[in-house]
Amino acid sequence: MEPQPLEAIDENWRTALVVVAHPDDVEFGAAAAVARWTGQGKDVIYCMVTSGEAGIDSMPPDECREVRMDEEIASAAIVGVSVVEFLGFPDGTVEHGSTLRRAIAEQIRRHRPDIVITGNFHETWGGRTPNQADHVAVGRATLNAVADAANRWIFADQLLEGLEPWAGVRQVWAAGSPESTHAVDITETFGTGVESLRAHRAYLDGLGWENFDPVEMLEGMSRPTGTRLGVTHATAFEVFSTTWGE
Ligand SMILES: [Zn+2]
């Protein structure tokens, strides 16, 4: 079967807010795209729903939390992102619901992005491997929170704190979705994306994957995606419109 071609994603925007469950979620796929966009002068802000404190088997959460927050901040800096927000939800047991939507809506009202980016939130990655529960909860809540942020009567107490409704989000993108329709060329920034993944040193060591090679891992995704876009390396996104009927 011929691979389905992907369309070039919209790059006519100023600010993007990236909302993911864990430190390392952006680096396993979309960081090279972020590097491209910050290189174009765009603003990208990271928002981590958890601090990834349950991510290292040999390290207790209270110690792990600090290590992983530091690694994410370093990793973000490599791709030109200087603002990293941590919402402090419990790693591994994030639940989709109004508490999560409220926290994400607040971030959207605060940062007023044109584009909101999250990760794949389908039940699988396209095969039989289930997606991780936090990823599913965060993606679904992010999509809802974009609508919440635009409505002054939802989480209205946030407006008493000086925030305004924000209806400026044009699209929500889910990176690495098996239903991806669009992609961006990351050929020039692929290496920067690899470096940002390498910044998760303690986490990668903790996984204990023998002979893990970040280049090989990221190429395994970016090359087939690149072929579908007609370039060497690309990152794929599923695109959700915030305009009714589109
Ligand atoms: Zn994750």
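Mentor: The model is predicted, so local features need pLDDT of at least 70 and side-chain atom pairs count only at pLDDT 80 or more, while totals for chains, interfaces and linings use all residues. Residues are numbered from 1 along each chain as its sequence is written, and side-chain values use heavy atoms, with hydrogens and water left out.

Trainee: What makes H22, D25 and H135 donors of the zinc ion?

Mentor: Donors are N, O and S atoms within 2.8 Å of the metal (3.2 Å for Na, K and Ca). Here ND1 of H22, OD of D25 and NE2 of H135 lie 2.0 to 2.1 Å from the zinc ion, so they meet the definition. Water is not among the atoms, so the site may look incomplete.

Trainee: Which spacing do these donors follow along the chain?

Mentor: The spacing is H-x2-D-x109-H. H22 sits in the loop between β2 (15–20) and α1 (31–39), and H135 in helix α4 (residues 133–150), 113 residues apart. Helices (H or I, at least four residues) and strands (E, at least two) are DSSP runs, numbered from the N terminus. Both histidines, H22 and H135, are buried.

Trainee: Why is R65 called partly exposed?

Mentor: Buried means under 20% relative accessible area, exposed over 50%, and partly exposed in between (1.4 Å probe, protein chains only). R65 has 26%, so the label is partly exposed. R65 belongs to helix α2 (residues 61–78). Leaving aside residues up to four places away in sequence, R65 touches S51 and E53, where contact means heavy atoms within 4.5 Å.

Trainee: How do you know that β1 and β4 stand at the edges?

Mentor: Take the open sheet of 8 strands, with mixed pairing and the order β1-β7-β8-β6-β5-β2-β3-β4. β1 (7–8) and β4 (84–89) each have a single partner strand, so one side of each is left without a neighbour in the sheet.

Trainee: What makes β1 and β7 a pair?

Mentor: Two strands pair if DSSP finds at least two bridges between them. 2 bridges join β1 to β7 (residues 182–185), so the pair qualifies. The two strands run parallel, and E7 has H182 in β7 as its bridge partner. In general, strands of a sheet pair through backbone hydrogen bonds, either parallel or antiparallel.
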